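Subject: Structure handover

Hello,

Here is the structure you asked about. My notes on it follow below.

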Amino acid sequence: MPSEPPTPHTVKSFDEEIDELRTLVSQMGGLAEVQIASAIDALIRRDGELGLKVAEADAELDRLEGEAEAMAVSIIARRAPMADDLRELVAALKISAIIERIGDYAKNIGKRASSMAASAPVQPVAIIPEMGRLVASMLKDALDAYVERDARLAIDVMMRDTQVDDLYNSLFRSLLTYMMENPHHITSSAHLLFIAKNLERIGDHATNIAEMVHFQVTGQHLVERPKADQTPLYTDPAPKP
Amino acid sequence: MNETAGLAHAPRLASNAGPKMSARDVHVFYGTTEALKGVSLDITTDEVIAFIGPSGCGKSTFLRCFNRMNDTVASARVTGTITLEGEDVYAPTMDVVQLRARVGMVFQKPNPFPKSIYENIAYGPRIHGLARSRSELDGIVENALQRAGLWTEVRDRLDEPGTALSGGQQQRLCIARAIAVDPEVILMDEPCSALDPIATAKVEELIDELRGRYAIVIVTHNMQQAARISQKTAFFHLGDLVEFGDTRQIFTNPRETRTKDYITGRYG
């Protein structure tokens, strides 16, 4: 449920500047969504060229983040924002940094997709599109929550992160088996493992955006969400007798 | 940096337990106009309280209730209770001159007496009989000027008129004058609004050093100032106390929409 747009400021240019910053952050988010989708596309269609294009396009996100940061710092310096305005600025700063980071993961997926296109296909790749759709929808909803100032949608996004973690856990297990069965798959499987990890991290970052939106709208930080990534606990299978 | 810091934070003999002053359901009328509509609030010694709100919200009116400065306004009528250490300040037996020594005030425009720097400080202690000898009075004057962070600037020119000082120095002289009679509470009504940023910073630093020794209440239109120097903030609007809470909370996450709209510049 989107919250009411705040009452306008007496000084109109303040509202204009905040709107401009919000537009910039949303624009970054849209670009990151496209980057994730293209990177996965490159992987599935084994399109090495597209993968490299994704990697190149990341520079634009870096540039926009610099722009958003400069704009936020300038507003803070000149307007000395308070209360929800202050939270708005802090959220914009943090969210733009998170989106930039998401862009880095998409770039990495693009590069790996390009490398994988040159070798034989690996079968567990089939689980990636679903993971990709999940994290892309989390990112999209986190950004919608930002645009609409919707704390409830933000909470909804946070709740979905465990699904991504579950998929990652299951992919991790199948890749281990896959690699053990045939050592020729190890290079591609390792790439795929990193790609899955990158998607899992994007899910975490979308969750962080949702947390920032929740803080911005309500002034309250949410308590720690559950973590479902179990892979740090995995060990080698017991040696056969 | 400041030789007075230790002194300023030295605990007073009086216990800090309980509020220094309490206001309960205070209404103020100017003729038939109700300027303050039933406000209750406690003032403690360990915190600086800032009163904020748009012009005409009642914050200065309320401030002036604490040492009965509203008595000087013929049409003003105050109802409700205000106590100082449990004693009703509006009781007929209350000596108003004595009250104003215990609850001192600093005004928006520095108002030194047209006398020497020394006399500006010495006047109060003398009429209240706080010094038995010239040397004791000298000590009180030096002490007050030191606590106001002004001593090193004026020690060699105590005979010069107070009005010859800069605006910021005059304001600190007025604070020193309030301190000289060893008050329990200091009320400040926009003490920095006529000062430049450097003089303002010095007064703010002084307020910070005086905190803990005196209960301090400051009315300010400068939101940043309230955020910088107070531990508690009270927001007034149209004669109501809308919100009173920790300064940190008020300025990051106010509970009331009216408070938020005011501090973020959306009021009206």
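L222(A) is partly exposed, because its relative accessible area is 37%, between the 20% and 50% limits for that class. The model is a predicted one, so please read everything here as computed from it. L222(A) sits in the segment after helix 6 of chain A. Together with I155(A) and M159(A), L222(A) makes a nonpolar surface patch. The patch covers about 260 Å².

Next, R149(A). Where does R149(A) lie? Its place is the loop between helix 4 (128-148) and helix 5 (151-181) of chain A. Is R149(A) buried or exposed? R149(A) is buried, because its relative accessible area is 16% and the limit for buried is under 20%. Which residues does R149(A) touch, leaving aside those up to four places away in sequence? The contacts are P2(A), S3(A), P6(A), R22(A), E88(A), Q216(A) and V217(A).

Now the salt bridges. Side chains of opposite charge can pair when their charged atoms come close. Over all chains, the structure holds 32 salt bridges. Here are some of them.

R78(A) and E17(A) form one, with 3.0 Å from N to O. This pair links distant parts of the chain. R78(A) is in helix 2 (residues 48-79) of chain A, and E17(A) is in helix 1 (residues 12-44) of chain A. They are 61 residues apart. E17(A) is buried, at 17% relative accessible area.

R201(A) and D204(A) form another salt bridge, at 2.7 Å from N to O. Both residues lie in helix 6 (residues 186-218) of chain A. They are three residues apart, or about one turn of the helix. How do the two partners stand in terms of accessibility? R201(A) counts as partly exposed at 28% relative accessibility, while D204(A) counts as buried at 5%.

In chain B, R134(B) forms a salt bridge with D138(B). The closest N and O atoms are 3.1 Å apart. Why are R134(B) and D138(B) separated by about one helical turn? Because they are four residues apart in helix 5 (residues 134-147) of chain B. R134(B) counts as exposed, at 53% relative accessibility. D138(B) is partly exposed, with a relative accessible area of 32%.

Chain B also has a network of salt bridges. Its members are K20(B), E85(B), E87(B), R102(B) and E184(B).

Last, backbone angles. Most residues other than glycine have a negative phi. Two residues are worth a look on that count.

R46(A) has a phi near 55°, a positive value in a residue that is not glycine. R46(A) lies in the loop between helix 1 and helix 2 of chain A. Those are the helices that hold E17(A) and R78(A). At 34% relative accessibility, R46(A) counts as partly exposed.

D182(B) is not a glycine either, and its phi is positive, about 50°. Where is D182(B) placed? It is in the loop between helix 7 (167-180) and strand 7 (185-189) of chain B. D182(B) counts as partly exposed, at 37% relative accessibility.

That is my list.

Best wishes

Methods. Residues are numbered from 1 along each chain as its sequence is written. Chains are lettered from A and ligands numbered from 1 in the order in which they are written. This is a predicted model: local features need pLDDT of at least 70, side-chain atom pairs count only at pLDDT 80 or more; totals for chains, interfaces and linings use all residues. Side-chain values use heavy atoms; hydrogens and water are left out. A salt bridge is a side-chain nitrogen of Lys or Arg within 4 Å of a carboxyl oxygen of Asp or Glu. Helices (H or I, at least four residues) and strands (E, at least two) are DSSP runs, numbered from the N terminus. Buried means under 20% relative accessible area, exposed over 50%, partly exposed in between (1.4 Å probe, protein chains only). Patches are made of residues with over 30% relative accessible area and no salt bridge: like charges are joined within 9 Å, nonpolar side chains (Val, Leu, Ile, Met, Phe, Trp, Tyr) within 5 Å. Accessible areas come from the Shrake-Rupley method with a 1.4 Å probe; for residues, only the protein chains shown count as cover. Contact means heavy atoms within 4.5 Å.
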